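Dear colleague,

I am handing over the structure below. My notes on what was found in it follow.

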Amino acid sequence: MRFKTIKNILEKEFDVLPLKGIYGEVFGQAEANGLWLIYGAEKHGKTTFSLLLANELAKYKKTAYIMAEQGFDKDFQDALSRLHISATAELLFQEYIPIEQLSKQLKKRKQPDILFIDNITIYNDELKNGMLRKLALAHPSKLFVFIAHEDKGEPYTATAKLARRLAKRIVRVEGMQASVEGRSKGGQLLIDENTASIYWGTDTPDIESSVAEPSVIEPVEIPNRPTAKQNLQLIKQTS
């Protein structure tokens, strides 16, 4: 084992995602590997936000979305159309695939660099007993984005809780609002203004208690936003 000097550390180069706009504001210049976690209660916008994020990340790296729980049903088809998810070769979709088979496939050439796994509950038995960490270590150049359910405000299942401990970026979705934290500045993103205003009882959700020293900034729309009702906006950001 060879110890590193400060010079060694500062001169090390990283493969980062050059995120722009509101994504860059809350996620920062994140490394294009490791593990992220998106979690929240059912029917609160996890899949909607995850699809929008996958669509954004596909601009920079080949991305695959594994729809293990819902599959390619009519609701999923409608969601892709409603959100205007890009028809590009850089964004691929797959129904349930065993983790062992997925890991073997990722070792082949020209495989996705980023994988959304929706959701971790379906893979709980396959990822427990250290297998989650083993999957990440087996593919150090890949970014795994796990989607998890929520129970009493916490990621559901012990595997999901481990994923949160390992995650470099953590997103909690509630009432069509995504709160981003982890190794970045973080902030809140409004996924659907109309639905969020009904849930929170106000046009601008009062969520200051969930973020340390938030500051309100002007909403910024995603380029080529799908519709007036589906415009992702930056609501609050840590200072």
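Phe-93 has 27% relative accessibility, so this residue counts as partly exposed (buried is under 20% relative accessible area, exposed over 50%, partly exposed in between, with a 1.4 Å probe and protein chains only). The model is predicted: local features need pLDDT of at least 70, side-chain atom pairs count only at pLDDT 80 or more, and totals for chains, interfaces and linings use all residues. Residues are numbered from 1 along each chain as its sequence is written, and side-chain values use heavy atoms, with hydrogens and water left out.

Aromatic rings: the search of the whole structure gives 8 aromatic pairs (rings of Phe, Tyr and Trp, the last by its six-membered ring, with centres within 6.5 Å; planes under 30 degrees apart are stacked, over 60 edge-to-face, the rest tilted). Phe-27 and Trp-36 are stacked, because their ring centres are 5.1 Å apart and their planes are at 5 degrees. Phe-27 is buried at 0% relative accessibility, and Trp-36 is buried at 2%.

Tyr-65 and Phe-93 make a tilted pair, at 6.1 Å between centres and 40 degrees between planes. Both belong to a cluster linked by ring pairs, together with Phe-72, Phe-76 and Phe-116. Tyr-65 is buried, with a relative accessible area of 0%.

Arg-169: this residue is buried but has no salt bridge (a side-chain nitrogen of Lys or Arg within 4 Å of a carboxyl oxygen of Asp or Glu). The nearest side chain of opposite charge is Glu-31, 7.4 Å away (Lys and Arg count as positive, Asp and Glu as negative; His and the chain ends are not counted).

Regards
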